[in-house]
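Hi there,

Here is the structure I promised you. Have a look at it first, then read on for what turned up.

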Amino acid sequence: MVMRLNASGRCGFVKNTSDCNMEDSFINYIHVAFCLLPPNLTPLTVTLCVSVVTALLTSSFVLVNSFCPNLSAISTSLHLSHTVAGVTFLALGNGAPDIFSAMAAISRPHTAGLAVGALFGAGIFVTTVVAGSVALVKSFALASRPFLRDMIFYMSAVFWTFVILYRGTISLGETLGYLSLYIVYVLTVIISTIIYNRQKRSLNTTVQTHIETTEYRPLLPYSESTRHILLGSLNPIDSGKWRRKPMKWKAFKIFKTPLEFLLLLCIPVVDPDKEDKNWKRPLNCLHLVTAPMACLFTFQSGAYGHFMIQGQFPLWLLFLLLGLFLSAIVFCTTTNDHPPSYHCLFALLGFVTSALLISGAASEVVSLLHMLGVVLTLSNTVLGLTLLAWGNSIGDCFSDITLAKQGYPRMAISACFGGIIFNMVFGVGLGCLAQMFETHAEVQIEPEGNLAWVLAASLGLSLVFSFIFVPLRNFHVGKHYGVFLLLFYFTFLIVALLTEFNIIKFN
């Protein structure tokens, strides 16, 4: 609508139209594009937008580095098995950028198409490009039952999402039922694992090996000073790794270092794989001040940062005083050498802080892509299936291909089909719950044009093909399977873009 007006009238339209107020982001990017930047600098606007989106997606993946260890520590503290932890906490850790991006998009009425495009687009990208690349790297045999289980549940989630789009609305009961699909999936994984382990024990195929490991211990006890511990734990650069790595890694590390320093300062990380569980007494005490402040100024785009209790006492000052009080107690009752018994609570604090920061970054990405769609007159769906889907899935692509090259192609292909079930169900389900909580009404999810149907049909076709082709090949996949999946994705992308620009029209 705004792009149809003359350049001189766009700023006034943006200021007087309520739909242009981006209350869910820190910056009103539409106001910046049409009121602060000159109209003849549209290419600069697009370049700045893509650059900031790239930076925010990078920050999301850097945040996952502190998100996942805390999730692992929480699952260890709760004594969860590796299987249950893998399909719950660790699935959340791996899919955090996708889930929070989808939640941020679908919880707003005008950007629901962005969530549909991102989830379906990422689904097609992972199940075709990533899975196809893994098959091209190494031919292998899939585990039949886990593959069929994951495919059936994923096709069920896609079909349910298609029904939601077709109806255009979803009620609270339907949302809870949609979310319960993943609970049924988790229970199926647990039951199948128990049955498999019983069969394995009955056949006496388990081999127990005892490996004695010797750990280096100094002859004389050595304890670092509090100042050295604080300075060392705030240094994001490992000097040994820095000397070994190539120049491209060093350049990217320099780009990430300021962000990593801020995250080290704000987010406590409990690592169960380390002997001391990553206990850094001075830094962890500082986290009791910085982490709650980061949560306060990030939650709902900083809406509570300037909140006054009874109009007199600022809320941020209350958080600061409580943090300083708790920090002083912990510092005086603990030592540098041994973590306290309540150290696992720092994992919970780190988890909440990371989740809010990832959610904030995802919200800004959604707002920026919405502005980019307005400037370029592109639908939210096409932006979701391209920029947002590629940005959220590129990490999965590299990690899964690396796993295949290292000799674990079965694990890589399982990650392709297993992880995206969690992303779709919780991305849509929790986003709908958030909008229901705010509006107290059924959620309206209206697809933007025919592109959403092209997305749903393409994802369904790719899944049906894999569901039929792989069992016919006796669960052996190789180069022919990989080439077909890659060709399928590029064909889908061409059809989707031609549909977006109305070159292909559907009645």
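A quick definition before anything else: a salt bridge here is a side-chain nitrogen of Lys or Arg within 4 Å of a carboxyl oxygen of Asp or Glu. The background idea is that side chains of opposite charge can pair when their charged atoms come close. With that in hand, you can follow the network of salt bridges that links Lys253, Lys256 and Glu260. Please keep in mind that this is a predicted model.

Between glutamate 260 and lysine 253, the closest N and O atoms are 2.8 Å apart. Are these two buried or exposed? Buried means under 20% relative accessible area. Glutamate 260 has 12% relative accessibility, so it counts as buried. Lysine 253 is buried as well, because its value is 10%.

How many salt bridges does a search of the whole structure find? It comes up with four. Here are two others to look for:

- Arginine 149 and aspartate 150 meet through their side chains in a salt bridge, at 3.2 Å from N to O. Both arginine 149 and aspartate 150 are buried.
- Arginine 167 and glutamate 174 also form a salt bridge with their side chains, and here the N to O distance is 2.3 Å. Arginine 167 counts as partly exposed because its relative accessibility is 47%. Glutamate 174, at 26%, is partly exposed too.

Next, the surface. Which residues form a positive patch there? They are Lys241, Arg243, Arg244 and Lys245. To get your bearings, find helix 11, which covers residues 239-244 and holds arginine 244. Arginine 244 has 64% relative accessibility, so it counts as exposed.

One last stop: histidine 343. Where does it sit? You'll find histidine 343 in the loop between helix 14 (315-333) and helix 15 (344-376). What does histidine 343 touch? Leaving aside residues up to four places away in sequence, histidine 343 is in contact with Val270, Asp276, Lys277, Asn278, Trp279 and Asn284.

Cheers, and happy browsing!

Methods. Residues numbered from 1 in each chain as written. Predicted model: local features only at pLDDT ≥ 70, side-chain atom pairs only at ≥ 80, totals over all residues. Heavy atoms only, no water. Patch = residues over 30% accessible without salt bridge, like charges linked within 9 Å, V, L, I, M, F, W, Y side chains within 5 Å. Areas by Shrake-Rupley, 256 points an atom, 1.4 Å probe, with all protein chains shown as cover. Lys, Arg positive; Asp, Glu negative; His and termini not counted. Charge placed at Lys NZ, Arg CZ, Asp CG, Glu CD. Helix = DSSP H or I, 4+ residues; strand = E, 2+ residues; numbered from the N terminus. Buried < 20%, exposed > 50% of the residue type's maximum accessible area, 1.4 Å probe, protein only. Contact = heavy atoms within 4.5 Å.
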